[in-house]
Amino acid sequence: MKRILPPFMLLLSTVLAHPQGEKLEVAAYGQTIVEVGKPSTLSLYTFNAGDNPITKIGYWIECDGDTTRGNLLLEKAIERGVATAVNIPLPPFNSIPRFQLRVGIDSVDGLPNGAEATVGEGWVLPVTQKARHRVFIEEFTGTWCPNCPRGIVALEKLERLYGDSVVMAAIHNDDVMACKGYGSVTQNVEGLPYAFVDRWIGGDPYWGTGYAGFGMRDIVGRCLSMGAEATLDITKALWNEDSTAISLTTASTFFCQAAAADYALGYVVTEDGMRGEGSEWYQANNLMDDLEFAFDDDFKRFYEGGKQIKNMTYSHVAVGGWKPGSGYDNCFGGSIGEGLEMTVEKTLDISAINMIQDKGRLKVITLLIDRKLGRIANVAESRVAAPTSDALPRTSLTQGQRRVVRAYQADGLRITRISGGLVVEQLEDGTVRKYVTK
């Protein structure tokens, strides 16, 4: 499969091939999710390839042969050489099925837009309500890769910034932690370090689509704000008796009209806290003496370190994948019922995975894959519980006459059995209870 370049790289290749002027390049936007009958905005990726800052644009929107036009005064000028998203106002849509929409920018500060690429194409997916969207970040890395410490630090920063709103998997290549079952996704990556965000935007795991600054922070923030067309929750994640397989149940509710064949579920298992002895566990490093990272304490161990960093601890390491690229066929049967909860059961056999160090540090991830566009529509994550009598299916969790529908541990991960430490329970009436168990 040929790798699809991220929007910024497509724009940059166009810019380099054409002389400058008053130009605002536009990239395809993939998909935007809107609520039926409500005004919304479309996040359109642009690049100022002209000579001056841009403060105002003229745009048009084409849908079903009808074209509307408008002007937009930008909240912040787009400086020369800057790639950024512009929020184009959209009218209310009453159509439910997904449809295509074209958006163009034909004027820049009152002058014709002389860019080569001035039209963005993509899909609009109307929903009756937006579901909570958790963002899936796939970081492609390797211990031998001297620039990959950027990705290690980026994941740490993103986890602190966004908490359980992001789910992460570090996919190692050609090293001691190389992941099995991820080839269909890895083959789309041409170089390291690299990261996909919901497989919608790709770029450097730290810089994002630019070449300086923590650009990935803003990309993840924009993806979170988009919402999702369906909920996704792991309601059961249990070991079998000999801890060689994980029994998994996932629940999902769609708020759009969709064909069952357009969506599928894939799975990833990750491990935190992986360590080892010997040079194969050393992290190659090329960030020493790089002034961009000199004043950031998160980079201190790399900036002040040598060409190889010893005593590394690796987290979010993908140890196995079960069709994480396209998902399993027929997950949702023959049709998707709008507003109806659907459950899918799956057993993940991990008996052949030899790289696992501690099964107590494993997390299981379920991916809701939009097969039509190749994107991750939503993601869920859970630790794996032991198959003991204190396993708590959500239908049996009760507090008085109020059913407990969800339970979480202190770090925000959803749990299916009560263990030691802080427990946060959400009751069916919306109230929350916190307590500590021993």
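Two strands count as paired if DSSP finds at least two bridges between them. Strands themselves are DSSP runs of E, at least two residues long, numbered from the N terminus. With that in hand, take Leu-42, which stands opposite Ile-88 in S6.

The model is predicted: local features need pLDDT of at least 70, side-chain atom pairs count only at pLDDT 80 or more, and totals for chains, interfaces and linings use all residues. Residues are numbered from 1 along each chain as its sequence is written, and side-chain values use heavy atoms, with hydrogens and water left out.

Now step back to the sheet around S6. Strand S3 covers residues 40-48 and runs antiparallel to S6, joined to it by eight bridges. Together with S1, these strands make an open sheet of three, ordered S1-S3-S6, with antiparallel pairing. Strand S1 (24-26) and strand S6 (83-90) are the edges, and each pairs on one side only. Neighbouring strands here are turned by 45 degrees against each other on average, direction ignored. For such angles, axes are lines fitted to C-alpha atoms, and angles run from 0 to 180 degrees between N-to-C directions.

Move on along the chain. Another open sheet of three strands has the order S14-S15-S20, and its pairing is antiparallel. Strand S14 (233-239) and strand S20 (341-349) stand at its edges with a single partner strand each, so one side of each has no neighbour in the sheet. From one strand to the next, the twist averages 15 degrees.

Look at the S14 side. Six bridges pair S14 with strand S15 (residues 245-253) in the antiparallel sense.

Key. Helices (H or I, at least four residues) and strands (E, at least two) are DSSP runs, numbered from the N terminus.
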